[in-house]
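Please review the structure shown here. The report below covers salt bridges, packing, surface and confidence.

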Amino acid sequence: MSSAVPNPTDPTPSTLTARPARERLARVLKHDAVGGILLLAATAAALIIANSPAADWYETVRSTKFGPEALKLNLSASSWASDGLLAIFFFVVGLELKEEFVAGKLRNPKTAAVPVAAAVGGVAIPSLLYVLVNLNSGGSALSGWAIPAATDIAFAVAIIAMVGKFLPPSLRTFLLTLAVVDDLLAIAIIAIFYTDDLSWLPLGLALLPLLAFAVAVQRGIHAWWLLFPLAFATWTLVHAAGIHATIAGVLLGFMVPVAAKRHGGRRTGDQRGFHAHDGIHGTEGHGPAAQFADKWSIPSAVIAVPIFAFFAAGVNVGGLSGLAESLGSPVALGIMLGLVVGKPLGITLATFLITRVRGFSLDRTMQWVDVVGVSCLAGVGFTVSLLIGDLSFGADDPRAQVVKVGVLFGSLLAALLGAVWLSVRNRHYRILAAHVDAGTRTTAAQD
């Protein structure tokens, strides 16, 4: 009796066992709360180390330089985190923006008008409050006007995922769309106001690998050995041009098509809206932008953003007296006032004004008290605020440490205020859902 010869391409039992384990791990890592927890842990670790006997070691590691000088990439570890790793975060943001503009909420101007207006108000009012507080501060204080304008998607969505199980889905969509537009405005601010000594030659050369990347993904070529070198070349040349290298991540994200390549007159994927921060989701049926966002959301949330936070958030507060002095600085006060007061005021006021125009209104499932809660949560500026702070003040400027204190405390206060507010609203919707469920069961029993 002859025995069957095993096919080497057939999956082995160990492979079958390992695959579900990897899939489960991936599903966990994609959950909104995981990224927020890792970000918080990295921030806490940086603060503890920076105020411990290991502070000198932390500063040494953060300032250690490596990389080829010929390519202008002999950067410190901190710069590699903010310019390099954070480009992954902005790549995912670029994919989200492309998806939203082509197939999501921003495709319909009437639907997008309310969260877009809210985002504009949430950028303008915090910036204005910062400027008013620092008008008489002198020096370069006013260069930090955009620091409180940003919203951290990862933190905000993680909080609403943890406390808002019963909140209306429209409220979460409102926050996501607002945060995505907020990111777009922050990207524009970085590109326009924080770019010095622009070099046109490397900027022009950057178009070559960028276009090659675009052609490859448009043709359905997703081989990492081709796309990664093209993406790295684009990033390197954008960095050499004097533009903050995270902009390269956004541009690369914009190059990825939303709809899948046509085969026989049909598209292989649909055009449903998608967010990389939607938590647990699959890629089946989605186009390339959704698939790329799904694949890169884990490196972004689990690796890039926490490492950036670890290097960016470490500030030696100098004990209670030093902390009090930093918190009393006009720069820190302007940032905290912008994040905690300016964001809710700007978002709520802009939303109110746009809904006074005929044809524009809140979703029927949302209430104004919910909008206020979400606007408080949008005051968590963390990642992008720290980045803009680094761009506003050099490492040698004493205000650089004050900025970190202002961003950390302002974001913490906004997070606590938004979490408590939305927890109360979540309890309201949970009770409402229980009453509706009880009424449904009673009706069914009577029938």
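## Salt bridges

E59 and R62 pair through their side chains in a salt bridge, at 2.5 Å from N to O. A salt bridge here is a side-chain nitrogen of Lys or Arg within 4 Å of a carboxyl oxygen of Asp or Glu. Both residues sit in helix α3 (residues 55–63), three residues apart, about one turn of the helix. Helices (H or I, at least four residues) and strands (E, at least two) are DSSP runs, numbered from the N terminus. E59 is partly exposed, at 38% relative accessibility, while R62 is buried at 8%. Buried means under 20% relative accessible area, exposed over 50%, and partly exposed in between (1.4 Å probe, protein chains only).

The model is predicted: local features need pLDDT of at least 70, side-chain atom pairs count only at pLDDT 80 or more, and totals for chains, interfaces and linings use all residues. Residues are numbered from 1 along each chain as its sequence is written, and side-chain values use heavy atoms, with hydrogens and water left out.

The whole structure holds three salt bridges. D182 and K343 form one of them, at 2.6 Å from N to O. This pair joins distant parts of the chain, helix α7 and helix α13, 161 residues apart. Both D182 and K343 are buried. D370 bridges to R425, with the closest N and O atoms 2.6 Å apart. That pair links helix α14 (residues 368–377) to helix α16 (residues 399–446), 55 residues apart. D370 and R425 are both buried.

## Nonpolar cores

The largest nonpolar core has 99 residues. Such a core is a set of buried Ala, Val, Leu, Ile, Met, Phe, Trp, Tyr and Cys residues joined through side-chain atoms within 4.5 Å. F90, F174, I335, F382 and L422 have the most contacts inside the largest core. Helix α7 (residues 169–193) gives the most to this core, with twelve residues.

A second, separate core has 16 residues, including A216, L227, V256 and A289.

## Helix α9

H239 lies in helix α9 (residues 224–240). H239 is buried, at 16% relative accessible area. Leaving aside neighbours within four places in sequence, H239 contacts (heavy atoms within 4.5 Å) K72, L73, L75, D83 and A245.

## Confidence

The protein chain averages a pLDDT of 82, and 86% of the residues score at least 70. pLDDT is the predictor's confidence in each residue, from 0 to 100. Over residues 263–285 the pLDDT is below 50. Where pLDDT is low, the predicted coordinates should not be read in detail.
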